[in-house]
Amino acid sequence: SCAAGVYDEISIVIVDEKTKCILQSRSFSNWTILQEFVETVPDDRIVLIVGSCKEAEEKDEVVIKRKLESRLGGFTFPTNEEEEKKTCLLYAGQMNRSPSWSTSLHTQYGSTANVTLTISTSASSSPSVPLKVCRESNMIPSAISKRLPESIMPLATQLLATGEQKHIAFSNFLKKQEEKKESDETVYVGYTTAKGAPIY
């Protein structure tokens, strides 16, 4: 379930910088707890935060400014005490990065703000994650993109290949896709096959 958007709490959404999939969405009653959660988030993750600044108690402010601002590029908190009590904060940025699109917006508590962002991340800034393929039996794919390219394994070989050989071939295909790192490249998440059939 998605916890983001819980009334009168501070919500945070963590997004994978490569796949752009939502990994976690949580809500916290105060900024101290949120800061402790932020410490567990890996570098490069995309972070979205919305919450009322009035939840920041005086004892929390050093933690917020020193730790949150150091980990979240472009994150700012109201400096005026009176402003704090009536301000809502909206942040979009990246863990331990300062991308040009990062935004830290302060709005009047109870008001509405519409923000449009074009989020782009550098693949080279993110460490390469080893690709692994898990196996599932008796599963039906929701969509099939294409057959495994001949350059990876010729069709005649696919028809005669064992399950293990097909598994290795698809893993090699994923590695080739990762090396290209093309922004508009289709993301392949698995393959389907059967004995005497090609790899799709």
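Trainee: Which residues have the most contacts inside the largest nonpolar core?

Mentor: In this predicted model, they are Ile12, Trp31, Leu34, Ile49 and Phe75, and the core has 20 residues. Two or more residues come from each of β1 (10-15), α1 (31-38), β3 (46-52), α2 (61-71) and β4 (87-94). The largest share, 4 residues, is that of α1.

Trainee: What makes this set a nonpolar core?

Mentor: The term requires buried residues of the nonpolar kinds, joined through side-chain atoms within 4.5 Å. The 20 residues of the largest core, Leu34 and Phe75 among them, are counted on that basis. In soluble globular proteins, nonpolar side chains tend to be buried together.

Trainee: With which residues is Leu34 in contact, leaving aside its neighbours within four places in sequence?

Mentor: They are Ile10, Ile12, Phe28, Ile49 and Leu68. Contact here requires heavy atoms within 4.5 Å. A second, separate core has 8 residues, including Met153, Ala161, Ala169 and Phe173.

Trainee: Why is α1 called mostly covered?

Mentor: A residue counts as buried under 20% relative accessible area, and 6 of the 8 residues of α1 are buried. These are Trp31, Thr32, Leu34, Gln35, Phe37 and Val38. For the chain, buried residues make up 34% of the 200 residues.

Trainee: Why does Asn30 count as buried?

Mentor: Its relative accessibility is 17%, and the cut-off for buried is under 20%. Asn30 therefore counts as buried. Its place is in the loop between β2 (22-28) and α1.

Trainee: How do you know that Asn30 caps the N-terminal end of α1?

Mentor: A side-chain oxygen of Asn30 lies 3.0 Å from the backbone nitrogen of Thr32.

Trainee: What pattern does the chain follow along the sequence, and how many helices and strands does it have?

Mentor: The pattern is β-β-α-β-α-α-β-β-α-α, with 5 helices and 5 strands.

Trainee: What percentage of contacts between residues at least 6 apart in sequence join residues at least 24 apart?

Mentor: The share is 57%. As for the surface, the chain exposes about 12500 Å², of which carbon and sulfur atoms supply 52%.

Terms used. Residues numbered from 1 in each chain as written. Predicted model: local features only at pLDDT ≥ 70, side-chain atom pairs only at ≥ 80, totals over all residues. Heavy atoms only, no water. Buried < 20%, exposed > 50% of the residue type's maximum accessible area, 1.4 Å probe, protein only. Areas by Shrake-Rupley, 256 points an atom, 1.4 Å probe, with all protein chains shown as cover. Polar contact = N/O pair within 3.5 Å; in protein donor to acceptor, adjacent residues only side chain to side chain.
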